[in-house]
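Student: Could we go through this model together? I would like to begin with confidence and then turn to a sheet.

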Amino acid sequence: MRWLAATMIAMGGLAFNEPSKDDTGVANEVAHDLAQVFREEGPGMWRTMLAFTGGRRDIADDVVAEAFARAVQHSRSIHDPAPWIYRVAFRLAREELERDGQRSPPFPEETGDLPDVSGLMGALRQLSPQQRAAIVLHYEADLPVAEIADRMGIAAATVRVHLFRGRARLRDLLGREVDEP
Amino acid sequence: MSERWQQEVRKLRDVEPTPGIWEDAMGRPPSGTGDDDHPPTRKRLIAGALALIVFIVAGAFAWQAFRPNDRLSFVEPSVSDVLRIRCDPQSIEVLTPVVAAQPDGLHVDADVTGLADPIVGLKSKSDPNSGSYSGSDGVVDGVFVRQLPLGEATVFCESGPSEGDGPEDLSGSFTIVDPNGVFTDYQLSCADGELVGGYPVPDGGPRSPEEAITSQVEGSKSSDVIERAGYPVLAPPGPIYRLARDGRIIGWFLVPKFPDQEGRDRYFVAYGYVCPGSGLHVFIQLGNGSDPGQ
């Protein structure tokens, strides 16, 4: 039974060990990688959340920060950070909107610093949150459908339906014709 | 040329995010469940005790299975009719790693505990577009059916945020096999298939998958054979059609349905793969413009 005792000691050691310096180094390295992800994806994610919430800058700020904070916390188990962080941010934003008791909140006063997109935000608020997100990810962030599906946590075919319906609604609301140069 | 609404959407690029979001993220305390209130030492004691129990039970099973003179021998992993998984905030367990395709697809029985607003996702390794998520149709856990191609695939669970428990990116592997011969293969005869795709058609659109294929897939020849493939019974995400030329499969397409404004079923070629040089592509007329898919 000596092997059994040795194995139990080894298992106990694994369970009780404190994080080593190497662990800390790995954690710092992961945080550094996430900083890079934030630089590359953060602004686009924030704009997507702004659109998803119908112009709620306060929610967009909070859910993007919280999603990245959770990514740092769970960095060891995340294989592909960007889609993961997007999915968390979407869920947090959805929950915030539900907590407010309204899917399409009134245009907030604090977005007075977004005059150029006030018309767009007004139109986006007449779409469903899923439609808003799909439209912005496709036409603002230039993401292909498969990546949008990955980030929203829905099927690619569903994304295409959201794009179709959102596009038709925006065409009605904002117009089809192109300004002359 | 883009339309006015597209130009409006692109104005979002000029909107700058609020400064300090990254610093805010780095300054936030770790989120956790009530379990995190336990002192670390207590958590480790619990983990150690659980590990010991698991070890002893596993040892007992191993002794029963492999004791001397026992007639039991190694067996191939058994094929199950249902993919059974068990997820909690720390782990995912694939209880049936080899699963038989059923006529309507892959049957999944997910037992999710401790995760708020969970999502169970499935993805085939051979088709990056095959991502299918349990929450998208309201089924969070329990039994649901999805259609994935045969071969290796991954399943993953994610938790929601409402309990303050950070989602884990937990995934496990499994293999879909076809011992009952229900699946019609649609794997391309060539390597490096090209992704093509379209969108629902305004003003109605095709009323059957066959009509969608005929009207939206360009470059096919009269001698091409177009037929249903994949699973014989319809289930999400929709039927697959394969296109064969001279006995070789040179394209396949997913053709889901969607309700039009009157609630009638319409179909569109959502996406598919075609052999390079086949001349096949998806082309859909969109109002005064067109979209060649991607």
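Student: What pLDDT does chain B average?
Tutor: The average for chain B is 76, and 70% of the residues score at least 70; pLDDT is the predictor's confidence in each residue, from 0 to 100. This is a predicted model, in which local features need pLDDT of at least 70, side-chain atom pairs count only at pLDDT 80 or more, and totals for chains, interfaces and linings use all residues. Residues are numbered from 1 along each chain as its sequence is written, chains are lettered from A and ligands numbered from 1 in the order written, and side-chain values use heavy atoms, without hydrogens and water.

Student: Where is pLDDT under 50?
Tutor: One such stretch is residues 32–43 of chain B, with nine contacts beyond four places in sequence (contact means heavy atoms within 4.5 Å). Residues 285–294 of chain B are also below 50, with 31 contacts beyond near neighbours in sequence.

Student: Now the sheet: what is the strand order in chain B?
Tutor: The order is S10-S17-S14-S13-S12 in an open, antiparallel sheet of chain B. Strands are DSSP runs (E, at least two residues), numbered from the N terminus, and two strands pair if DSSP finds at least two bridges between them.

Student: Which strands stand at the edges?
Tutor: Strands S10 (194–197) and S12 (225–229) of chain B do; each has a single partner strand, so one side of each lacks a neighbour in the sheet.

Student: How many bridges join S12(B) to S13(B)?
Tutor: Five bridges join S12(B) to S13(B), residues 240–245, and the two run antiparallel. Glu227(B) stands opposite Arg242(B) in S13(B).

Technical notes:
Helix = DSSP H or I, 4+ residues; strand = E, 2+ residues; numbered from the N terminus.
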